[in-house]
Structures are given as C-alpha cells and as structure tokens.
Amino acid sequence: MFKMAKVHGVRMSSVAVRLDTVAGRSTDPLFTLVETIEALSLARTVDEVAAVIRSSARQISGADGVAFVLRDEDKCWYLDEDAIGPLWKGRKFPMSACISGWAMLHGETVVIPDIYEDPRIPHDAYRPTFVKSLVVTPVRREDPIAAIGAYWSARRQPTDEEVLKLEVMARAAATALESATMYAALSETLERRKFLLRELDHRCKNLLAAAQSIANQTLRRAPSPAEFVDAFTGRLDAMARAHELLTREQWGRASLQDVLDAALKPFGGVDGARICADGPVVFLAPETSMTFHMAFHELAVNAARHGALSCGAGKVNIAWSISEGAPEARRVKFTWRESGGPQVGPATRKGFGSRLLETVGTRELGGESRLELPPDGAIFRLTAPLSPRISQG
C-alpha cells in the first residue's frame, strides 16, 4: 500500500516551471517524455507527481484521456485525470472490480482495443464515459503502488510505441513516488527532531526550576546543613525516580499504582505486609504523576522518621476509590492511613512536605487534600474530580 506523503514548505517554483516547459515547449512526444522525466525528478509530493502525469501523459500517448490511480489498501483511488470528458477523479473502487486494480494486482500492462469485448472491464461503469479502448500500466512492477491509464474515444489497437512510452513514464513515476516518500519521511524526521529538542529544552528548564524551588524551600526550613543535605538529596532522588517512570511510559499517562510503587520502593515497597495498597486503575497525566510521586515520597519519609515505618509493628494502608454517579460528577477518593507506630503529636511547624500535601489537591486537581495527625497515626486524604489530569482506567 502506498500512503500519500504530505510535506509542508516544499518549494513549488522549480516543479511549476518544469510543468510549463512540458506543456508548451515542444509538441514532439519523445521530447515531452524527456521533459516529463526531468519534471518527475523534481517532484517532492504525490500531488506534484500526479500534476506532472496529468500535464504530459496525453501528449506523450496521444490519448483522449489519462488518469493517475493510487493504490489505497484494497481500493483504487483515481487521484487525478485529464480527459475530453469526465472519468472518475476522486472516486475509489475495489481493486478486484477495476481494470487499474487488475494491472496493479498482476503487475502487468493491460492493452484493451475494445473494452466491451473484455470480461475484466466493468462495462456499466464505463458506459457513461467516452472510453472505447485503453492501456493501463502499473507504477512499479514489483508490488505496484499506482497505475497510469490512457483512454481513447474510438476502438483502436494502441501501438507498441504508445505502450512503451506509457511504461517508461510509469517507471519514472515509480522513482518519483519513492523519492517523495523518502523526502516526506526525512522532513518528518527533521521536524520530529526539532520538536524533541524543544521538548527536551522545556523539560530541562522545568526540572531545573523545580530543583531550585525544592532547594530554596528545603534550605529555608532545615535546622542544620546536614539535615538540609539529607532532605534535599532524598527529594532529588524522588524526582529522578519519577522521571525514570515517566520515561519508561514515554511521557504518557502513568498509573497511580505504578507511581506508588516507584515512590515507595526505597522504603520497602508495596509489599502487602507493612505497606498495603488497593484501588481501581487510575491514570495520571505526566505533570500530575510527578507531583503525586513527590507527595508519596514526603509521606513515606515522615512515616520512616516519625510514624508507622519507624518501628517494626507499624503499617501503612493506602486505598483509593471512584465514586458512582454521572461521569462529570465522579470523584477519586484517596487515603493514606498509618497505624501501629509511635504516638503522633501535633506538628510544631510546617515544612516543605506539609505544604506540598496540603496544596496537591487544590493546585493540581481542583479538589482538596489535607494531612491529619491524630495520636494513633498520620492520615492523608485527597479528593478530586476526574479530569484530563486524573482519569479512570
């Protein structure tokens, strides 16, 4: 199957000049064939190839009409035509019900002096047209990707020279189409490269800005240089793990379960014994995955230093659910609950982690979140509506 190549920014002037030359420089069919091959060598898109064929094929073949037909999976697509009367421009027919399809399926040139004496011709489709005889030659013998059809309004036997010229044009068109495909692929690759460089620059700037913000806030609230280094290094490690997860997901949506697994891995992971997690499949947008990862890291750090993960008997139970109701009213409810650890007292000050946990629901998701510190263990609750940032699997 041949796919149309769409390339933006192609210089059209050289092809247009060559087409003018083909159309008006000489009436000698052989000379026109040479000019046509030169024009095809300049074509950079399928439409340009079709335009060259349309402008010169009739003069070269002496036909009353020509059509340029593309193979579109199991269909023949009559892309362009030049004829004394309308043919089938823009229409598609099954390969098995079209003489152009027969030529492409068999990789052979078809010469039919009288279309009404050939059983391969769908006669009803031709009756409204002027066509009485034709030649169809495939573009590329092996695995044809298109065909050129020449049609006459009288019953006649096309000459060997006419057939040969059409076959030469078809071979040149095959080369031109392959060139157009490679040109389109190269242009797409270059555009993709530019996009990736811009995206990399954007993400690096965001990452550096986030690291700077974390450094400032951590430094502002660290009791000592040693504690600053410890907290800041842990947060940078958490950012690195989040980036690793998103890279593995090709910066698409990551599941809430995967984000939890990555964030809690340094703390023993979700093992079903000390740390349990359960809930339906929920996907997070890349930016939201990063924020959730940092929030889970802060919860785990606090649990490891002061809460349930600081002693052997402590446990963390993580659960989330999606409420019932109309799609626009459904909400995600997430709970982190600690138990079995040391008795928890009220917070004496708010650090980076506490502020992050209190704002993650409102800032990121349009919902609400809060950290509670009852004596028997910390509880973090988050509620948010389903949205492009957080969605049900």
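**A pocket and a helix crossing**

Guide: By class, 11 nonpolar, seven polar and seven charged residues line the second largest pocket. The model is predicted, with local features needing pLDDT of at least 70 and side-chain atom pairs pLDDT 80 or more, while totals for chains, interfaces and linings use all residues. Residues are numbered from 1 along each chain as its sequence is written, and side-chain values use heavy atoms, leaving out hydrogens and water.

Visitor: What makes a residue part of the lining of the second largest pocket, and which lie nearest its centre?

Guide: A pocket is an open set of points on a 1 Å grid over the protein atoms alone, where a 1.4 Å probe fits, with protein on both sides within 12 Å along at least five of seven lines; lining residues have an atom within 4 Å of a point. The lining has 25 residues, and N206, A210, E287, M290 and T291 lie nearest the centre. α6 gives the largest share, nine residues.

Visitor: Why is α7 called oblique to α9?

Guide: Their axes come within 9 Å and cross at roughly 140°. Angles under 35 degrees count as roughly parallel, over 145 as roughly antiparallel, 65 to 115 as roughly perpendicular and the rest as oblique. Therefore α7 is oblique to α9.

Visitor: Which residues of α7 and α9 make the contact?

Guide: Contact means heavy atoms within 4.5 Å. Among the residues making the contact are D230 and L246 of α7 and P286 and R305 of α9. By class, this contact has seven nonpolar, five polar and five charged residues.

Notes: Helices (H or I, at least four residues) and strands (E, at least two) are DSSP runs, numbered from the N terminus. Ala, Val, Leu, Ile, Met, Phe, Trp, Tyr, Cys and Pro count as nonpolar, Asp, Glu, Lys and Arg as charged, and the others, Gly among them, as polar. Axes are lines fitted to C-alpha atoms, for helices over the stretch in contact, and angles run from 0 to 180 degrees between N-to-C directions.
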